[in-house]
Amino acid sequence: MIEYIRGELAELTPALATIEASGVGYGLSISLNTYTALQGKKEAKLYVYEAIREDAHALYGFATKKERELFELLISVSGVGAGTARVVLSSMTPAELCACISTGNERLLKGVKGIGLKTAQRIIVDLRDKIVALGIADEIPAGGSLSAPVDNEVRDEAVGALTMLGFAPAPSQKVVVQILKDNPSAPVEEVVKLALKQIK
C-alpha cells in the first residue's frame, strides 16, 4: 500500500497532479481543494488512495490526511464511487462537507453533480456519526488564486478539468464561458467549482 508520494511536482491541472519521485512520474487524480493547496509549489507530498480494479489501477492524491479520510468515508456509502466522491470534494472544502453532513443539509449535497436525494440522505445517515468521531474542523487553505489570469487560459483549463471529471466538452464550455463573463477574474478552481453546480 502506498501511504504518500513526495517529490517534484512535474505537472498540475485542476484534476491531475504528476509527482516525480525516484525517476518515476506518478499521476494522481486530485480534488480542487488539493489543486488549490498545491498551486505555486515545486515539491509536493500527497497522501494516496489506491483504487485497484481488474481493468484499472488508479491513484488519488490528497493534500491532507483528513481529506483522504473523507474520500474513504464517501466511497464507503452505497452508490458513491471514487469519481463522485472526488466531485463532492471539489464542490466544497472538507470543513464545509463535514458541516453539511453534521447539520443534515441534504439540499446542499443534492446540488452536487451525481448526487440524488436518496444518495444525499444515505451519505448523511451513514457518515454523520463518523464525521463527529473524526473531529474534522480545520479547513484546507483557500488561497492560491491565479494572478491576472487570461480568460482563454482559464477557460481552456477549466473545460479540460471538467472533461477529465467525466463531463461532455460542449456543455462544459458553455457553462464555463458564462461563469467567466460573470466573474472575469475568477481563478480556475473557482470556475470549476461553480460549473460543477450548474452542469446538468
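A residue counts as buried when its relative accessible area is under 20%. By this criterion, 44% of the 200 residues of the protein are buried in the model, which is predicted. The protein exposes about 10,000 Å², and carbon and sulfur atoms supply 50% of that area.

The protein contains nine helices and five strands. Along the sequence, these elements follow the pattern β-β-β-α-β-β-α-α-α-α-α-α-α-α. Among contacts between residues at least 6 apart in sequence, 56% join residues at least 24 apart.

Two helix pairs were examined. Packed helices are described by the angle between their axes and by the distance between the axes. Helix 2, which spans residues 65–75, packs against helix 4, residues 94–102, at an angle of about 40°. The axes of helix 2 and helix 4 are 10 Å apart. Angles under 35 degrees count as roughly parallel, and helix 2 is therefore oblique to helix 4. The crossing of helix 2 and helix 4 is left-handed. On the side of helix 2, the contact is made by Glu-67, Leu-70 and Leu-74, which meet Pro-94, Leu-97 and Cys-98 in helix 4. Five of the residues in this contact are nonpolar and one is charged, while none is polar.

The second pair is formed by helix 3, residues 82–91, and helix 9, residues 188–198. The axes of helix 3 and helix 9 come within 9 Å and cross at roughly 120°. The range from 65 to 115 degrees counts as roughly perpendicular, and roughly antiparallel begins over 145; helix 3 and helix 9 are therefore oblique to each other. The crossing of helix 3 and helix 9 is left-handed. Helix 3 contributes Val-87, Ser-90 and Ser-91 to the contact, and helix 9 contributes Lys-193, Leu-196 and Lys-197. By class, the residues of this contact comprise two nonpolar, two polar and two charged.

Ser-172 is located in helix 8, which covers residues 169–182. The relative accessible area of Ser-172 is 0%, so this residue is buried. Apart from neighbours within four places in sequence, Ser-172 is in contact with Val-159, Leu-162, Phe-167 and Ile-199.

Conventions. Residues numbered from 1 in each chain as written. Predicted model: local features only at pLDDT ≥ 70, side-chain atom pairs only at ≥ 80, totals over all residues. Heavy atoms only, no water. Axes fitted to C-alpha atoms, helices over the stretch in contact; angles between N-to-C directions. Helix = DSSP H or I, 4+ residues; strand = E, 2+ residues; numbered from the N terminus. Left-handed = near helix turned anticlockwise from the far one by under 90°. Contact = heavy atoms within 4.5 Å. Nonpolar A, V, L, I, M, F, W, Y, C, P; charged D, E, K, R; others polar. Buried < 20%, exposed > 50% of the residue type's maximum accessible area, 1.4 Å probe, protein only. Areas by Shrake-Rupley, 256 points an atom, 1.4 Å probe, with all protein chains shown as cover.
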